[in-house]
Amino acid sequence: MKILKNLFFLSLILCYSYAFSQVKFSELAWMGTQHSTYDEWMELYNDSESDIDLTNWVIEAKDGTPYIVLSGIIKAHGYFLLERTDDTSVPDIDADLIYTGALENRGEKLYLKDPDGRISDYVDNWYGGNAYTRATMYRVNFSLPGNDLQAWATSTSKYSAGLGTPTNSQEQTSNNHPDWFYAYFSKHLEAKMPSYGPNEMERALINLINSAQERVYFAIYGYSTCPGVLNALKNAVDRGVDVKGVVDNYTDGYFPYPDTQTLIDFLPDGSVVADNDDRTMHNKFFVVDGKNVWTGSTNISLTGIDTEYNSNFSILIHNKDLAETYETEFFEMFNGAFHDEKTDNTPHRFVMDDGSVVECYFAPTDNARDNAIIKAINNATSTIDIRIFFFTDSHIADALLAAKDRGVQVRIILDATGAESDYSQHRRLREEGIPVKVENWGGKEHFKAMCVDRKITVMGSQNWTGSGNYSNDENTLYIENQYLASEFENDFKKAWNSIPDTYLTEDPLPESAESTGSLSDFIDNDHDGLVDEGAPEELNNVANDLGAINVYFDKGGITSVASNGNLLNQHVNLENRLINRINQAQHTLDIATYDIDLPNLVDAIIQAKARGIKVRVIADSKDYLPGESRTYDLHCLAIEKLIRGADGVVGTADDIPVFSDSPIFAVENPTKRQEHGLPATPEGFNNVTITVGTKERTGYMLCEGEKKSSDGYYSPGNQMHNKFAIIDGEWVWTGSWNFTINGLYRSEDNMEENILGGNTNNALEIHFPEMADAYKLEFEEMWGSETQTPDPDNSNFHGRKTDNTPHIFDINGTVVEVYFAPGDLALEKLQDTIANDADYNAYFSIFSWSDQTMCDELKYKYEGSYDDMTGLLTGFDIAGVFEHLYWNQWWSASVDMTGRTASKTSDNNPNIRWANPAPVYKDNEDTMLHHKYMIIDVNTESDPIVITGSLNWSANGNETNDENVLIIHNSNIANQYFQEFLGRYFQAGGNISKYIYSMTNMNLPIDLSDNLNKKNK
C-alpha cells in the first residue's frame, strides 16, 4: 500500500517536472561571529526541484584561499552549511562540511563550480554584512546573480553567535518525506507579470483532477483565467466523473471573479452552486474520489495558481477520513447551507499512518481561531513564523505577545494591502518588539499560515480576521509533522530574506515603486480602482525634427514585444505634452476641442495669447443647458476664461476668440463661477434671446455658432468631436483624448497628485507643415474665415462640410492618410483598408463600434465568409478590446464577433454572427476605454498600418459628427500601438502568451483571392 501511495504522489510531482538544478551562495559570515572572528561560515542553497550531489563541486577564491572541495547532498530547496576549521563556528547546528582558509574582510571573489568547472554562482564583493555587529551577508534575491548588489542584504535575525540564519541540510527534514501529503509553495519571488502558467502547483492540481475516476467536488472563491484547470474539470465530466462545485458570489448576482460564469457554463447545468450572499465563500479546496484533499490559500486565478504571482501555500493530502470530512462540508454548502446556516458536524482530529496529527476546522462553525491558531501559539516554546494576508484579530495578537514575553521568537510577514487596514495588528506588535516585515513584491502575500517550533504548521484559507472566523466559509488545518514544518521554514526564510529590512518599520504601498513590479503588472494591487497609477512617465521615442511622428499613451503597454529601439511612450501625462508644444508656439495656435476643462491647459492657451500668439478655439456646444451637467458647466467655465484672457476682462486685446457649432451660454450660478475664479455674474457678455434650432434660448452668450439663418442658429444636437491643435502651421496634435479632467485624471484629487486615473487614450503630434495646412483648411471651414474673427454665416459644420483637403502625405517615407468627417467618406476608407490591405492580422481597441461593414470585412478575413454563423478559420489573427459600456449593446460589433444573438436588429445592424467566436473582450480599464484604433499586419513583412484619431466606428461618427482619422503606414508606429494594445488586452483578460513569447510567431497571409469589392459582395 505504501508503494502504491508513493507512486501516486510521484506521478503528481514528476509528471510535469522541468526545473533545472542550480546551487547558489545564500549566506556568508565573512566577519566571523561574536565568539570569534575566526568562526567564519558559509551557506549554500539549492534553488531547484531536485536533490543535488555536491561531490567534487568546489568553492574557489580568486586569490586561492579558501579552496574547498565539496561532498554531500543538498536537498531540493534545501541548505548546506560549511563551517571553518571545526564544528563550533555555528553553535548548536551541525556543519555539513568543515573547511579551512580565511575570508578577507575587505572582500573576496568567490566562485562556486560544478564538477565540470562550470560556474554555478559568483560573488565578487561583500554587499552586506557588518563586522562590528557580526551580522551576515544574506541572499535576498536568488533570481539575480551573486555579483549584483541588489541580491544581498545585511541580516537582522538573531542566532546564538550573532545576526544571521544558518541552516544545515538536516534542519530541512529530520525524516523522509511522508507518503500522505505533498506541499506546494508558489514561486512568487521569481514571477513577473504579465505571464502565464501552469506552473508546478497548477500542474499538480490538474494531475489530481485528471486522476479522478469517480468524483471531484470543489469549493472555490471563484475562477479566473486558468484554462488548464477548467479543461481538466470538463474532461472529467466527459469521462463520466461526477463533478460538482461551490463558488462565491454577491446578493446582486455578480461574481468576485467574472470568469466564474465561464466555469459554470462549462459544466453541466446545476453542478455549480453559489452562496448568493455578500459574506464570502472563501474556501479553495478539491476532494477527489473520496480519498484526496487539495486545500490551502491558493485561488484558481491567473495571479493565484496559474502564474504564482501571489504567494500561496497549498497541500495535497491522501487520507480517506479527511476526504470524507471535506465532502460532508462540501455537501452542506452544495445543498444550500452557507455561513451561519451550517453546523459543526464533522470530526476534527485525524492520525496519519506515520503518527502525524491533522486537525481540520471549518468556519464559521468550528472556531478555528481558538482551536487551531491560538492553540498552536499558546503551545510554542521557541519559534513562531507567520505569513498572512490580513491580520486584524486582536485575540491572536494577544497570544503572540504572550508568546514573545515567555521567550518565543516570533516573526511575521504581512501583505502590503493588509497592512493598510486601520485595524491591522502589525503596528501594535511592532511597538511591543515583534519583528513584522511588510512584503514589497508586486503580488499579494496571500498565505494564511504559520509554523510553530519547526514541527506544527497551521494553514488554510482563513485570514486572521473577525469575518474569517465568524462569517466566511473557510477551512483551516492544524498539522503536526516536522517534514512539512521544515518545508514551510525553508520557504519562509527565502521570503523573509527577500524583503528589505526597511520594511521592518515602514509599510510599502502595494501599488508603488516601493513594491517591486507593482507598477507594471496591469493589476490593481491596492484595490482602489486604478491600475499601475503610480508608474513613472516613460518618454522613449520623442523627436522634434521635420517629419517627426510622436505617439503618446496615458496607460502602460507590454514592452517585451517592442521592436529594436522602439519602446512606446507610456504613462504619459498628455496634458503636459500638449502644454509643452503650446509653450513652444511662436506665431499661431488653432484648437478644435470637443471638451476642455483642464485648468493648466486653459492657462497655457491664455498665456500663449498674452505673449502675442494668434489663438483661435473651436469648441463643441453640447446638447445641455447650464446646470444640467457638471462636466458641461466645467466646459463652459473654461471657455469663458479663454474668452476673458489673461486680464479676466471681456473686450480687451488678450481675449481669445472662441466659436462653436451652436451658441454656448455662460454658467450663471455665482458660487460655481467664483469657485473657478470668475466674476459672480457674467459681466461683459450680452444677455440675449435667440433661436437655437427650433427653440428660443435666453442667457449670456459666450460665443456664437454656425448660423442656420439670418435670425437663428443650428441646434447643439450634433457633435464637433475633434480633439486637435495646429501649432505655428508646423505641428498637428490629434488623437482620441479629450482635453478634460475626466479624460486624463478622473478627478480633481487625482489631478493634484498627477495620478492618470482617467480614460484610456492615445495622442499623436506630427511635425509636417503640409499636414498642418490640411488641418487648417478643415479648421477654417468650420471657423468660416481665414482671419482671427469667425464668420457664423460662412461657417460649415457637420454634414454641411465638403471634401476640400488633401488626404495622402509622404512624411519622410511614411505614408499618412488623413480624412475628416463628415464629407471625406472616412469610414469607407477604413472599410477599404481592412478589405484590401489586411493580410495577416488586425488588433483593435475601440470605444464604440456599430459599423456593420467593417465588422463583416474582418469576419471574411477571419473565417472566409460574410454570412451569418458560417465560416472556417483562415489563419488570419484577430484580437480586440471593447469599451465595457457598449459590450452588450445590440448594435455593437462585439455581439456579432462573439457569435451572440442580438436583442434586436436593424437594417444597418442585422446581427451577422461569427461562426467562430473571436478572442475579443470588454475592457477592464480604470474608467473608460476611449481609444479608436486598429493595428493591421503589425510585425509582418506586409504594410503595417495604424488607424487612429477621434472617429468612433459608427454612422454618427461618419455622417454627422466633425471628426478626423489618420491611417499611418509605418512599422515602428504600428509596433508601438501593438505594445499598448497588449496591455489593454491582457488587462481585459485576453491571453497574450503567443505574442509575448514569440515575436516571430505571426500567421501567414490568408488566401482570399476571391475576395470581391465589399460594395459588390
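Predicted model: local features only at pLDDT ≥ 70, side-chain atom pairs only at ≥ 80, totals over all residues.
View 1. Residues are numbered from 1 along each chain as its sequence is written, and side-chain values use heavy atoms, with hydrogens and water left out. Arg428 forms a salt bridge with Asp398, and their closest N and O atoms are 2.3 Å apart. (A salt bridge here is a side-chain nitrogen of Lys or Arg within 4 Å of a carboxyl oxygen of Asp or Glu.) The two residues come from distant parts of the chain, 30 residues apart: Asp398 sits in helix α9 (residues 394-405) and Arg428 in helix α11 (residues 426-431). Helices (H or I, at least four residues) and strands (E, at least two) are DSSP runs, numbered from the N terminus. Asp398 is partly exposed too, at 38%.

**View 2. Arg800 meets Glu706.** These two side chains join in a salt bridge, 2.7 Å from N to O. Arg800 is in the loop between α20 (769-783) and β42 (808-811), and Glu706 is in the loop between β36 (695-703) and β37 (707-709), so the pair ties together parts 94 residues apart in sequence. Arg800 is partly exposed at 26% relative accessibility, whereas Glu706 is buried at 2%.

**View 3. Glu925 and Arg984, a buried pair.** Here the closest N and O atoms of the salt bridge are 3.0 Å apart. Glu925 belongs to the loop between β46 (920-922) and β47 (932-936), Arg984 to helix α25 (residues 971-988), and 59 residues separate them. Both Glu925 and Arg984 are buried.

**View 4. A network of salt bridges.** Glu27, Glu43 and Lys493 are linked together in this one. The count for the model comes to 45 salt bridges.

**View 5. Strand β16 and its neighbours.** Five of the six residues of β16 (residues 215-220) are buried, so the strand is largely enclosed by the rest of the structure. β16 pairs with β17 (residues 242-247) in the parallel sense over six bridges; pairing takes at least two DSSP bridges between two strands. Ile220 stands opposite Val247 in β17. On another pairing, five bridges join β16 to β19 (residues 284-288), running antiparallel, and Val216 has Val288 as its bridge partner there.

Methods
Buried < 20%, exposed > 50% of the residue type's maximum accessible area, 1.4 Å probe, protein only.
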